[in-house]
Amino acid sequence: SLSALASIAVHQGDEAQQTLLEYAESAKRTRIRKESIFWLGQTRASTASATILAFMFDDENPEIREHAAFSWSQTDVENRDADLIRLGVNDASTKVRAQAWFWLSQTALPHSEVAITRAVADDSSQYVRNQAVFALSQLPEDRALDALSDVIEDPKSNRRTRKQALFWLADLDSDAAMEYLDKLLD
């Protein structure tokens with residue numbers, strides 16, 4: 001059960017970590033694997049980092065890669081942003097790439113928007129570009145406003161992408177966003 005995994009995770013020692021690793025690697029149910037990876041990240045990120053990254057980059061199941069990215073984003077491991085960026089750029093699955101940008105935005109690490117904006121411009125999938133625009137809207141408000149307005153004003157962005165940026169900018173609950181929209185409408 002999922003609550004049993006949480007109980008195992010809070011125990012100290014190698015045996016608890018080994019049990020979580022075994023479930024993460026070989027449980028028949030994806031949900032159990034995902035929950036085990038989550039608890040590895042929450043309670044043992046430093047000692048299980050190589051394993052979490054292996055799930056994130058090498059697992060055959062895109063659901064597992066996506067969930068490992070979530071777990072990794074919730075840690076305080078240094079340079080986790082670089083790993084999320086690499087996943088967002090390189091994963092074969094559009095859903096995994098899109099989620100990597102979202103989880104990167106949730107970290108609010110400095111300069112996240114640079115990488116996410118690059119995905120908005122460069123990803124081959126319109127779905128990923130749209131999700132990356134949404135990820136920009138999840139940054140802290142002032143950074144979101146700047147990043148979204150840059151997409152709107154970029155003449156190289158396609159119309160659908162710019163429309164997404166405008167939509168999410170309008171969704172920001174800020175006076176600065178409303179002022180920007182007023183200027184656009186004039």
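Let's start with helix α8, residues 112–122, where Ser112, Glu113, Ala115, Ile116, Ala119 and Val120 are buried. By buried I mean under 20% relative accessible area, with exposed being over 50% and partly exposed in between, using a 1.4 Å probe and protein chains only. Helices here are DSSP runs of H or I with at least four residues, numbered from the N terminus. As a reminder, an α-helix has 3.6 residues a turn, so residues three or four places apart point the same way. On the other side of α8, Ala121 and Asp122 are exposed.

Before I go on, a word on the model: it is predicted, so local features need pLDDT of at least 70 and side-chain atom pairs count only at pLDDT 80 or more, while totals for chains, interfaces and linings use all residues. Residues are numbered from 1 along each chain as its sequence is written, and side-chain values use heavy atoms, with hydrogens and water left out.

So what do the buried residues of α8 pack against? The partners are α6 (80–90), α7, α9 (126–137), α10 (141–153) and α11 (159–171), where contact means heavy atoms within 4.5 Å.

Take Leu148 as an example: leaving out residues up to four places away in sequence, Leu148 touches Val133, Leu136, Ser137, Ala165, Trp168, Leu169 and Leu172.

Now for the rings. Phe, Tyr and Trp rings (for Trp, the six-membered ring) pair if their centres lie within 6.5 Å; planes under 30 degrees apart are stacked, over 60 edge-to-face, and the rest tilted. How many aromatic pairs does this rule give? The count is seven. In one of them, Phe70 and Trp103, the centres are 4.6 Å apart and the planes are at 50°, so the pair is tilted. Phe70 is in helix α5 and Trp103 in helix α7, so this pair ties together parts that are 33 residues apart in sequence. Phe70 counts as buried at 19% relative accessibility, and Trp103 does too, at 15%.

Setting aside neighbours within four places in sequence, Arg44 contacts Ile8, Ala9, His11, Gln12, Gly13, Ala16, Gln17, Leu20, Trp39 and Ser49. The side chains of Arg44 and Thr43 are joined by a polar contact of 3.0 Å. A polar contact is a pair of N or O atoms within 3.5 Å; within protein, one must be able to donate a hydrogen and the other to accept it, and residues adjacent in sequence count only if both atoms are side-chain atoms.

Arg143, in helix α10, counts as buried at 17% relative accessibility. A polar atom of the Arg143 side chain lies 2.8 Å from the backbone oxygen of Leu109. Beyond neighbours within four places in sequence, Arg143 is in contact with Ala108, Leu109, Pro110, His111, Ser112 and Glu113.

Asp59 sits in the loop between α4 (49–58) and α5 (62–73) and is buried at 14% relative accessibility. With neighbours within four places left aside, the contacts of Asp59 are Arg33, Ala54, Ile64 and Arg65.

Finally, two loop residues. His111, between α7 and α8, has a positive phi near 70° and is exposed at 61%. Asn79, between α5 and α6, has a positive phi near 65° and is exposed at 53%.
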